[in-house]
Amino acid sequence: MLNRLLIFVFILTGLPLFATTYYVSQSGGSLACGTDGTQTTISVGTLVGDSTRWQPDNVIKLCGIITSEIYAQGGGAAGHVLTIFFETGAAIHVSPGADAS
């Protein structure tokens, strides 16, 4: 009964039932991601182009050197944050003037 009640509450609030961790690198593919070891990553373009990844409770882990701008496509909610985590050695290096818009 409690499980049904919790599912009903999640449906009403629109919050996800399960959090997802996304590993992100500049081009995607297999990459060493800090203490998590080698992971299959999605590209920055895939991350930015899909707002469904930017949901409460999800974790976005950045791996390696990112050379593209990243714009958040969503966020968290009260008590349900969206976490963006820089793995060891991860950084964003964007050249000045790279964004023409």
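Contact here means heavy atoms within 4.5 Å. The structure is a predicted model, in which local features need pLDDT of at least 70 and side-chain atom pairs count only at pLDDT 80 or more, while totals for chains, interfaces and linings use all residues. Residues are numbered from 1 along each chain as its sequence is written, and side-chain values use heavy atoms, with hydrogens and water left out. The chain has 101 residues, with 2 helices and 7 strands.

**Confidence**

- The mean pLDDT of the chain (the predictor's confidence in each residue, from 0 to 100) is 82, and 79% of the residues reach 70 or more.
- Residues 5–13 have a pLDDT below 50, and beyond near neighbours in sequence this stretch makes 3 contacts in the model.

**Overall fold and surface**

- Helices (H or I, at least four residues) and strands (E, at least two) are DSSP runs, numbered from the N terminus.
- Along the sequence these elements follow the pattern α-β-β-β-α-β-β-β-β.
- Among contacts with a separation of 6 or more, 52% are between residues 24 or more positions apart.
- The accessible surface, from the Shrake-Rupley method with a 1.4 Å probe and with only the protein chains shown counting as cover for residues, comes to about 6,300 Å² for the chain. Carbon and sulfur atoms hold 60% of this surface.
- Of the residues in the chain, 23% count as buried. Buried means under 20% relative accessible area, exposed means over 50%, and partly exposed lies in between (1.4 Å probe, protein chains only).

**Nonpolar core**

- A nonpolar core is a set of buried Ala, Val, Leu, Ile, Met, Phe, Trp, Tyr and Cys residues joined through side-chain atoms within 4.5 Å.
- The largest such core has 10 residues: Tyr-22, Val-24, Val-44, Leu-47, Trp-54, Ile-60, Leu-62, Ile-66, Leu-82 and Ala-90. Strand 1 (21–25), helix 2 (44–48) and strand 4 are the elements that give two or more residues to this core.
- Leu-47, one of the core residues, touches Val-24, Ile-42, Arg-53, Trp-54, Ile-60 and Ile-70, not counting residues up to four places away in sequence.

**Disulfide**

- With a disulfide taken as a pair of cysteine sulfur atoms within 2.5 Å, the count comes to 1.
- The pair is Cys-33 and Cys-63, with their sulfur atoms 2.2 Å apart. This pair links distant parts of the chain, 30 residues apart: Cys-33 is in the loop between strand 2 (29–32) and strand 3 (38–43), and Cys-63 is in the loop between strand 4 (59–62) and strand 5 (65–66).
- The torsion about the S-S bond of Cys-33 and Cys-63 is about 115°, so the disulfide is right-handed.
- Cys-33 and Cys-63 are both buried.

**Salt bridges**

- A salt bridge is a side-chain nitrogen of Lys or Arg within 4 Å of a carboxyl oxygen of Asp or Glu, and the whole structure has 3.
- Asp-36 and Lys-61 meet through their side chains at 2.7 Å, N to O. This pair spans 25 residues, from the loop between strand 2 and strand 3 (Asp-36) to strand 4 (Lys-61).
- Asp-36 is partly exposed at 26% relative accessibility, whereas Lys-61 is buried at 16%.
- Glu-87 also forms a salt bridge with Lys-61, the closest N and O atoms being 3.6 Å apart.
- Shared partners join Asp-36, Lys-61 and Glu-87 into one network of salt bridges.
- Arg-53 and Asp-50 form a salt bridge at 3.8 Å, N to O. Asp-50 is partly exposed, with a relative accessible area of 23%.

**Two loop residues**

- Arg-53 lies in the loop between helix 2 and strand 4 and is buried, with a relative accessible area of 15%.
- Leaving aside neighbours within four places in sequence, Arg-53 is in contact with Tyr-22, Ile-42, Thr-46, Leu-47, Asn-58, Ile-60 and Leu-82.
- Gln-26 is in the loop between strand 1 and strand 2 and is partly exposed, with a relative accessible area of 24%.
- Gln-26 and Ile-65 are 39 residues apart in sequence and 6.8 Å apart in space, C-alpha to C-alpha.
- With neighbours within four places in sequence left aside, the contacts of Gln-26 are Ser-43, Val-44, Ile-65, Ile-66, Thr-67 and Ser-68.
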